[in-house]
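Trainee: I am new to this structure and would be grateful for a close look at a single part of it. Could you please take me through the open sheet and what lies around it?

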Amino acid sequence: MHIEINRLSYLQSFLEDIIASINPITGESFPTVVSSAIILLNPCFEEISEILETLSLNPILYKKSISSRRKPFYLYKNEVECIEISREPISISKLAFRINELIDQGTMSKLKATQLTAGLVSMGFLEMTTNTEGDQAYKIATKKGSELGISTVLKTNSNGETYSLNLYNEKAQRYIANNILNIIF
């Protein structure tokens, strides 16, 4: 953390030299033409300098902004081998949950079931369709998806509305696990 705060202080002093029309690298005054351009940009430089000063005096703000950024989802080959595969068909949400158990969710974005299904649609394993009224879109297994081990079952919720649920057998789960990065990217 000290390196980042020191870097902020360095950048602030660098900007203050520029505001004063001094070349921060050589310590010499800028030529008049450059100084004239800097004067136009001074309000912006001064605001940036104030922001850097605020961040360097309040490291918690800087630390929070750094830690809130998460890396995109990624799995290494050895982690793929650790994905729990069920002998029973499971939903894509359940599979995504099992995959997310393997990552550091504090530093990495979670894998979303929608990422997987979007990839499976683009690869031809699922396709979009609508209900008979045409007001509900959902995904169903294609012939290619069925051959892989994806089955689509129709269910009814407590309100009496029908919805589809895609279940992924052991073979389909293994395929997704082994090809996860190709599916989501």
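Mentor: The account below begins with the sheet and then turns to its surroundings. Please bear in mind that this is a predicted model.

The open sheet is formed by 3 strands in the order E1-E5-E4, and the pairing is antiparallel. Strands E1 (90-91) and E4 (150-156) stand at the edges with a single partner strand each, so one side of each is left without a neighbour in the sheet. Between E1 and strand E5 (residues 162-168) there are 2 bridges, in the antiparallel sense. Within this pairing, Ile 90 has Tyr 168 of E5 as its bridge partner. Helix H8 (residues 170-178) packs on the sheet and touches E1, E4 and E5. The direction of H8 makes about 75 degrees with that of E5.

Ile 38 brings us to helix H2 (residues 32-57), where Ile 38 is among the buried residues, as are Ser 35, Asn 42 and Phe 45. H2 has a kink of about 60 degrees at Leu 41, shortly before the proline Pro 43.

A further pair of strands deserves mention. Strand E2 (residues 126-130) and strand E3 (residues 137-141) run antiparallel and are joined by 5 bridges. Thr 129 has Tyr 138 in E3 as its bridge partner. The hairpin of E2 and E3 has 6 residues between the strands, and Gly 134 takes a positive phi near 80 degrees there.

Finally, helix H7 (residues 143-148) contains Ser 146. Ser 146 counts as partly exposed because its relative accessibility is 44%. The C-alpha atoms of Ser 146 and Gly 119 are separated by 16 Å, and the two residues are 27 residues apart along the chain.

Notes:
Residues numbered from 1 in each chain as written. Predicted model: local features only at pLDDT ≥ 70, side-chain atom pairs only at ≥ 80, totals over all residues. Heavy atoms only, no water. Helix = DSSP H or I, 4+ residues; strand = E, 2+ residues; numbered from the N terminus. Buried < 20%, exposed > 50% of the residue type's maximum accessible area, 1.4 Å probe, protein only. Pairing = 2+ DSSP bridges. Bend = angle between axes of the 7 residues up to and from the residue. Contact = heavy atoms within 4.5 Å. Axes fitted to C-alpha atoms, helices over the stretch in contact; angles between N-to-C directions.
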